[in-house]
Amino acid sequence: MKGLFLKDYFNLIRNSKLLFTTLIFYGIFAITMNSPSFVIGIIIFVFSMMVLTSFSYDDLAKWNIYAMTMPISRSSFILEKYCLSLALVLFGSLSSILITFITCMVRSLSIKPEWFLTAFVVSEIALIFISIMIPLIYKFGTEKSRIMLILIMAVPFMLAFVLFKANIPMPSDNFIKGLMFASPVITLASLFLSYNISISIFSKKDL
């Protein structure tokens, strides 16, 4: 699996100039704002979506077919993508926190604990989104999944809009606190379920 990870690393590092340009852009954007919360979320999602880029590279090179001729188990093949996703989300979180520190130093702002909470929550949302995305990619392919993912991303906003229009009261503070405490378990469970679904889908593919 180390070889698979290195393969994706060297593929993605080819976009390093674009990534660093993105970080510099959002870093400057964060400095112009009094609160970098928005930038924290954007950076984490930009890095988490890079796993989609790794699938695109695999499709272009017809990597899946070639890889199955080597002594690599399909479960290891799937597991590497989840490890890559975790690494990308972690790197995005650390980068966003670093930019937050730089922003606070430049703007002489005091560091607020809620910014770290924002990074934590957005990281979990990104991982749940990835847990939906990867099985879809294995089932329908990268290009079709892109369209499905756009629709899936719109669902929470549409749901919130419908609830707002229907005058349905927002969840209580206690419910939100309980959800926050349970969120790590929910995230791990979604990744575990997603991993098993991906293995089930991929094992049935005739490559």
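The legends below describe close-up views of a predicted model.

**Figure 1. Overall fold of the predicted model.** The secondary structure of the protein consists of nine helices and zero strands. Read from the N terminus, the order of elements is α-α-α-α-α-α-α-α-α. Along the principal axes, the C-alpha atoms occupy a box of roughly 55 × 45 × 25 Å.

**Figure 2. The largest pocket and its lining.** This pocket has a volume of about 700 Å³. Its lining is made up of 18 residues. Those nearest the centre of the pocket are Phe45, Val121, Ile125, Ile128 and Pro156. By class, the lining residues comprise 15 nonpolar, two polar and one charged.

**Figure 3. Helices around the largest pocket.** Lining residues of the largest pocket number 18. Helix H7 (113-140), helix H8 (142-165) and helix H9 (173-203) are the elements that each give two or more residues to this lining. The most come from H7, which supplies seven residues.

**Figure 4. Packing of helix H6 against helix H9.** Two packed helices are described by the angle between their axes and the distance between the axes. Here helix H6 (residues 74-107) and H9 pack at about 140°, and their axes lie 9 Å apart. The crossing of H6 past H9 is right-handed.

**Figure 5. Residues in the contact of H6 with H9.** The two helices have axes 9 Å apart. From H6, the contact is made by Arg74, Ser75, Phe77, Ile78, Leu79, Tyr82 and Leu86. From H9, the residues are Leu191, Ser194, Tyr195, Ser198, Ile199, Phe202 and Ser203. Taken together, the residues of this contact divide into nine nonpolar, four polar and one charged.

**Figure 6. The aromatic pair Tyr82 and Tyr195.** A pair of aromatic rings is described by the distance of the centres and the angle of the planes. The count of aromatic pairs comes to nine. One of these is formed by Tyr82 and Tyr195, with ring centres 5.8 Å apart and 90° between the planes. This pair is edge-to-face because the angle of 90° between its planes is over the 60 degrees set for that class. Tyr82 belongs to helix H6 and Tyr195 to helix H9, so the pair links distant parts of the chain, 113 residues apart. Both tyrosines are also among the residues that make the contact of H6 with H9.

Notes. Residues numbered from 1 in each chain as written. Predicted model: local features only at pLDDT ≥ 70, side-chain atom pairs only at ≥ 80, totals over all residues. Heavy atoms only, no water. 1 Å grid on protein atoms, 1.4 Å probe; cavity = no way out; pocket = protein on both sides within 12 Å on 5 of 7 lines; lining within 4 Å. Points joined across faces, edges and corners; volume = space filled by probe spheres on them. Helix = DSSP H or I, 4+ residues; strand = E, 2+ residues; numbered from the N terminus. Nonpolar A, V, L, I, M, F, W, Y, C, P; charged D, E, K, R; others polar. Axes fitted to C-alpha atoms, helices over the stretch in contact; angles between N-to-C directions. Left-handed = near helix turned anticlockwise from the far one by under 90°. Contact = heavy atoms within 4.5 Å. Phe/Tyr/Trp six-rings, centres within 6.5 Å; stacked < 30°, edge-to-face > 60°.
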